[in-house]
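User: I'm new to reading structures and would like a close look at one part of this one. Could you walk me through a single spot and what sits around it?

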Amino acid sequence: MTSIGTCLAQGSARLAAAGISGARKEARLLLAQATGFALETLIGYPERPVDDRPKYERLLARRAAREPLSHLLGRREFWSLEFTVTRDTLDPRADSETVIEAALARIADRSAALRIADLGTGTGCLLAALLSMLPYASGLAVDRDPAAAAIAAHNFVALGFGGRAQTMVGDWGEALSGKFDLVVANPPYIPSGEIGGLQPEVSVYEPRRALDGGRDGLSALRRVIAGLPALLAAGGTAVVEFGDGQGVAVAGLIVDAGLCVVARRRDLAGRDRCVVCESR
Ligand SMILES: C[S@@+](CC[C@H](N)C(=O)[O-])C[C@H]1O[C@@H](n2cnc3c(N)ncnc32)[C@H](O)[C@@H]1O
């Protein structure tokens with residue numbers, strides 16, 4: 001029987017050969033997934049035998065074919081919360097934490113009973129992160145894809161927000177009635193022609209509907225931003241994520257919608273990542 005140490009050495013060599021950076025760490029996570037061993041065991045007891053090697057080999061083969069690690073593990077962390085992810089949901093990105101920081105920076109009273117809308121919720125990561133910081137807030141999460149909406153609903157319950165988060169299938173804010181103190185949205189914003197050039201983890205395995213922003217990348221942003229005035233309560237705030245180089249166009253869409261830009265936020269890499277806007 002092969003030992004933990006041998007499995008890790010062979011697995012990380014295989015992943016590195018497939019062009020995966022952080023191959024050793026990923027091999028360890030896949031071995032933990034296959035065997036049920038804790039990470040501490042994998043690190044502390046390299047001589048221990050592994051009896052479910054075929055399962056580990058299958059996971060390695062899928063990862064070497066560039067299936068995302070999150071899909072193999074079935075989970076991904078965002079804002080220190082763990083989300084179930086599937087092929088129907090965009091993997092939450094650390095860059096999107098900028099949206100949460102920007103929204104929280106505009107909230108004067110975190111104990112207020114705020115109403116939040118999350119347009120294009122995917123895993124529900126934006127709404128769940130906000131609910132984790134705003135204990136009396138409640139929210140409505142919308143996604144066009146019923147499978148993504150179902151995952152979001154599952155995540156809200158699993159994270160303990162089931163009583164404060166509602167999920168619905170819909171076309172951005174069109175079916176929503178009522179007004180919201182905070183609207184967050186991370187619409188698809190990659191120009192259609194650029195998707196094929198992204199790494200396979202994204203272009204092959206992530207849902208096209210979560211990525212594709214049309215010819216210029218702005219199709220969904222146009223619709224989301226045009227719908228904001230109807231959704232925002234008096235004094236309400238919207239925070240919208242956008243892609244690299246889209247800041248000027250997005251600011252123009254906000255002004256065209258009759259709103260004003262109050263801030264733009266950069267992500268950890270220093271790129272403009274989201275815009276904060278309010279009614280005039
Ligand atoms: C970029 S992903 C963002 C997911 C999640 N909010 C996040 O930040 O990780 C965009 C999401 O919008 C959803 N979507 C696309 N078109 C939509 C539409 N017309 N109405 C509502 N949701 C839509 C997609 O299914 C996808 O879940």
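**Asp 118 and its surroundings**

Analyst: Let's start with the neighbours. Asp 118 touches Gly 124, Leu 126, Leu 127, Leu 140, Ala 141, Val 142 and Val 184, leaving out residues up to four places away in sequence; contact here means heavy atoms within 4.5 Å. This is a predicted model, where local features need pLDDT of at least 70, side-chain atom pairs count only at pLDDT 80 or more, and totals for chains, interfaces and linings use all residues. Residues are numbered from 1 along each chain as its sequence is written, and side-chain values use heavy atoms, with hydrogens and water left out.

Asp 118 sits in strand E3, residues 115–119 (strands, E, are DSSP runs of at least two residues and helices, H or I, of at least four, numbered from the N terminus). Asp 118 is buried, meaning under 20% relative accessible area with a 1.4 Å probe, protein chains only. Still, Asp 118 has no salt bridge (a side-chain nitrogen of Lys or Arg within 4 Å of a carboxyl oxygen of Asp or Glu). The nearest side chain of opposite charge, Arg 115, is 13 Å away. What the Asp 118 side chain does reach is the backbone nitrogen of Leu 127, at 3.4 Å.

Next, look at Leu 119. Among the residues it touches are Val 142, Trp 172, Leu 176, Val 183 and Val 184. Leu 119 is also one of the residues touching the most other members in the largest nonpolar core, which has 32 residues (buried Ala, Val, Leu, Ile, Met, Phe, Trp, Tyr and Cys joined through side-chain atoms within 4.5 Å). Elements giving two or more residues to this core include E3, strand E4 (138–143) and helix H11 (219–231). H11 supplies the largest share, six residues.

Conventions: Buried means under 20% relative accessible area, exposed over 50%, partly exposed in between (1.4 Å probe, protein chains only). Lys and Arg count as positive and Asp and Glu as negative; His and the chain ends are not counted. A polar contact is a pair of N or O atoms within 3.5 Å; within protein, one must be able to donate a hydrogen and the other to accept it, and residues adjacent in sequence count only if both atoms are side-chain atoms.
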